[in-house]
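Biologist: I am new to this structure. Please show me how to read it, one feature at a time.

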Amino acid sequence: MAYEQELTIALTAVKKATTLCSRVQQTLITAETVIKKDKSPVTVADLGSQAVICLELQKHFGSDPIVAEEDIDTLQDNKELSGRVHELVTEQTSGISHKRMLEAIACGKQHTDFTQRYWTIDPIDGTKGFLRKQQYAIALSLIDHGQVVLGILGCPNYAFDPKQPSGQGSLFYAVKDLGAFARALDEDSRQTITADSISEGCHAKFCESVESAHASHEEHAQIADALNISTPPFRIDSQAKYAAVARGDASIYLRLPRSSSYREKIWDHAAGVAIVEQAGGRVSDFSGKPLDFTCGETLEKNIGIVATNGKIHEQVLNAIRTQIQPSRT
Ligand code: AMP
Ligand code: MG
C-alpha cells in the first residue's frame, strides 16, 4: 500500500496530539490563553500539539518539509508558558529537551517548495471552538506534488457513535486510493465512511462555521434557499465540517469568506479535502475549481470552499452562480 508508513506515523502523531489537547481542554484556564499578533487565541495546547506532531514526523521523515500554523514567537520571552508547553510535550514524548521542543515547533516555518512533497499541520483547528469547550480538530496531511494524498483529523469532541453524543471522540483519516475511515479515539478498529447519496436540495443539510466572522452566513442562506434546503444550518467549528460531509452527517459544507481578499490557509483544508474525496465526495472553490495546494501557505488561487457528497455538487455550484455576485468569488 502506498503511504503505509506515513499513515502509521501520522496516526501516532495525531493520537498523541489529541490526548494532549483533550487534557488541556478539560482543565482550561484563562491564564493559559495568550493573544497572538493577529488577535486570535492560542493556547499551550496549540504549541504542544504542533511540537508533538513535528517531533514524530521529523523522527521518521527528516527530509520532508513541514508547514505548520504556529510560530515560535509566542514562546519567546515567556518562560512560564514555554515551561508548561514542555511539560505537556514530555507527557506524550518523553526525554525531549526544552531546546529540542522549540526546534521542533520552529520547523513548521521553514522554506518549502510547495510543488514538491510536504506535510501541513493545524495543531488546533477551531481554536475558538476549543476555548468554548466545543468542537476543534487536530489536522495533519501530506501533499505530494499538489495532491493531498493523506489526511487525518483528530476530533476529540465529535462523537464516534452519533447515538452516544457524550461517548468517545473520533479520528477520521484517508489515504489516496484506499478510502476514508473513522475510528473511536481509544480503539483500533476502523470503519469505512462514505458521503451520503442525497441528490436533491430539499433533503440536504448544509454545515458552516459557528463563527460568523469566518464565513458569510447570509450568503450561505441565499444559496440554501435557492437549493430548497429547509433544514437549518449545522454550525460546527473546525474541519469537523469536512468529517460531517464525509460520513453523511451533512451533504454540503459552504464557506464563503466575508472579505473577497481573504485567502484560506492550506492547513485549514488539506486534511478535510482528502477525507471528503476518499469518502466519495467532491471539494472545489466557489467557481468549481479544485483547491490548489502548490501556491504557498494560502490557497491563493481559490475563493470560497464547497465540499459536498459529490452528487449534489453541480447543483450547489449552479445555485452559487445565480445567487452570488461574480465579484465575490
Ligand atoms: P472554523 O472553525 O471553520 O470557523 O475555522 C477556523 C479557521 O478559520 C481558523 O483556523 C482560521 O485560520 C480561519 N479564519 C480566521 N479568520 C478567518 C476569516 N476572516 N475568514 C475565514 N477563515 C478565517
Ligand atoms: Mg485552523
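Modeller: What follows goes through the sheets, the helices on them and the ligand site. Keep in mind that the model is predicted.

Biologist: How do I read a sheet, and in which order do the strands of the open sheet of 7 strands lie?

Modeller: Begin with the strand order, then look at the pairing. Here 7 strands lie in the order 3-4-5-6-7-8-9, and their pairing is mixed. The edges are strand 3 (66-68) and strand 9 (191-192), each of which pairs on one side only.

Biologist: In which sense do strand 7 and strand 8 pair?

Modeller: Residues 170-175, strand 7, and residues 179-184, strand 8, are antiparallel and share 6 bridges.

Biologist: Which strands does helix 8 touch?

Modeller: For a helix on a sheet, list the strands in contact and then take the angle. Helix 8 (residues 270-278) packs on this sheet and touches strand 4, strand 5, strand 6 (147-155), strand 7 and strand 8. Its direction is at about 100° to that of strand 6. Helix 2 (residues 44-60) lies across strand 3, strand 4 (117-125) and strand 5 (137-144), and runs at about 155° to strand 4.

Biologist: What is the order of the open sheet of 5 strands?

Modeller: The order is 11-10-12-14-13, again with mixed pairing. Strand 11 (234-235) and strand 13 (282-284) have a single partner strand each, so one side of each has no neighbour in the sheet. Helix 6 (residues 217-226) packs on this sheet, in contact with strand 10, strand 11 and strand 12, at about 170° to the direction of strand 10.

Biologist: How many bridges join strand 10 to strand 12?

Modeller: There are 2 bridges between strand 10 (residues 206-208) and strand 12 (residues 252-255), and the two run parallel. Phe206 is opposite Ile252 in strand 12.

Biologist: How should I read a ligand site, and which residues surround ligand 1?

Modeller: Take the shell, then the polar contacts, then the cover. The residues around ligand 1 include Asp122, Asp125, His214, Ser238, Lys241, Arg255 and Tyr262. By class, the shell has 6 charged, 4 polar and 2 nonpolar residues.

Biologist: What distances separate the ligand from Asp125 and Ser238?

Modeller: An oxygen atom of ligand 1 lies 3.2 Å from a polar side-chain atom of Asp125. For Ser238, a polar backbone atom is 2.7 Å from an oxygen atom of the ligand. The protein covers 81% of the 500 Å² of accessible area that ligand 1 has on its own.

Notes. Residues are numbered from 1 along each chain as its sequence is written. Chains are lettered from A and ligands numbered from 1 in the order in which they are written. This is a predicted model: local features need pLDDT of at least 70, side-chain atom pairs count only at pLDDT 80 or more; totals for chains, interfaces and linings use all residues. Side-chain values use heavy atoms; hydrogens and water are left out. Two strands pair if DSSP finds at least two bridges between them. Helices (H or I, at least four residues) and strands (E, at least two) are DSSP runs, numbered from the N terminus. Contact means heavy atoms within 4.5 Å. Axes are lines fitted to C-alpha atoms, for helices over the stretch in contact, and angles run from 0 to 180 degrees between N-to-C directions. A residue is near a molecule or strand if one of its heavy atoms lies within 4 Å of it. A polar contact is a pair of N or O atoms within 3.5 Å; within protein, one must be able to donate a hydrogen and the other to accept it, and residues adjacent in sequence count only if both atoms are side-chain atoms. Accessible areas come from the Shrake-Rupley method with a 1.4 Å probe; for residues, only the protein chains shown count as cover. Ala, Val, Leu, Ile, Met, Phe, Trp, Tyr, Cys and Pro count as nonpolar, Asp, Glu, Lys and Arg as charged, and the others, Gly among them, as polar.
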